[in-house]
Amino acid sequence: MKIKLQSGKEVLVEAFHLTATYGGLLVGSPTIQSNEILINHLSYPKGWGERPFILKKSAMYSEVKNLLKPIVYSVWLSSSETIDDKENQFDGCALVIMWFGNDEPHKSIHDIIFDGVKNIDWDKFAENYQF
């Protein structure tokens with residue numbers, strides 16, 4: 001599936017993953033400190049390999065005090081167009097984007113991904129790769 005960012009850049013969705021934010025919380029209610037630990041230990045699926053990634057930190061919290069939004073979304077995006085590759089030594093570029101969001105069962109996967117990544121500055125965060 002392809003996604004067209006607001007900048008006009010078209011990227012390919014290589015993989016998409018979602019998980020419950022507090023799926024591993026066994027005891028107590030979330031606190032600012034426990035949320036910071038959770039955020040600092042977030043990772044995308046290990047099977048995706050080593051990729052550049054960013055965590056969108058805007059609008060992470062729900063309306064409930066100290067409660068992050070219930071879902072962590074991760075998407076691996078790529079493009080065959082490289083960034084500033086004057087010597088033509090790379091094969092493409094990629095970026096993993098993670099964000100906290102609400103459970104949206106009536107939204108398509110395409111729309112969930114688009115809403116999460118549409119305003120990403122691709123040239124600033126994506127990195128070139130070689131096969």
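A: The term to know is pLDDT, the predictor's confidence in each residue, from 0 to 100. Helices (H or I, at least four residues) and strands (E, at least two) are DSSP runs, numbered from the N terminus. In this protein, confidence is lowest in helix α1 (residues 32-40), with a mean of 90, and highest in β4, at 97. The protein averages a pLDDT of 92, and 98% of the residues score at least 70. This is a predicted model, in which local features need pLDDT of at least 70 and side-chain atom pairs count only at pLDDT 80 or more, while totals for chains, interfaces and linings use all residues. Residues are numbered from 1 along each chain as its sequence is written, and side-chain values use heavy atoms, with hydrogens and water left out.

Q: Which residues have the most contacts inside the largest nonpolar core?

A: In soluble globular proteins, nonpolar side chains tend to be buried together. A nonpolar core is a set of buried Ala, Val, Leu, Ile, Met, Phe, Trp, Tyr and Cys residues joined through side-chain atoms within 4.5 Å. Buried means under 20% relative accessible area, exposed over 50%, and partly exposed in between (1.4 Å probe, protein chains only). Here the largest core has 20 residues, and Val-75, Leu-77, Ile-97, Val-117 and Trp-122 have the most contacts inside it. At least two residues of this core come from each of β2 (10-20), β4 (71-79), β5 (92-101) and α2 (109-117). Apart from it lies another core, of 15 residues, including Leu-42, Tyr-44, Leu-68 and Ala-94.

Q: With which residues is Trp-122 in contact, leaving aside its neighbours within four places in sequence?

A: Contact means heavy atoms within 4.5 Å. On that basis, and with those neighbours left aside, the partners of Trp-122 include Leu-5, Val-11, Leu-77, Ile-83 and Cys-93, and also Lys-9.

Q: How many aromatic pairs does a search of the whole structure find?

A: Rings of Phe, Tyr and Trp (its six-membered ring) pair if their centres lie within 6.5 Å; planes under 30 degrees apart count as stacked, over 60 as edge-to-face and the rest as tilted. The search finds 6 such pairs. One of them, Tyr-44 with Trp-48, is stacked, at 5.8 Å centre to centre and 20° between the planes. Both Tyr-44 and Trp-48 are buried, and together with Phe-53 and Trp-76 they form one aromatic cluster. Tyr-129 and Phe-131 make an edge-to-face pair, at 5.5 Å centre to centre and 70° between the planes. Tyr-129 is partly exposed, at 22% relative accessible area, whereas Phe-131 is exposed, at 83%.
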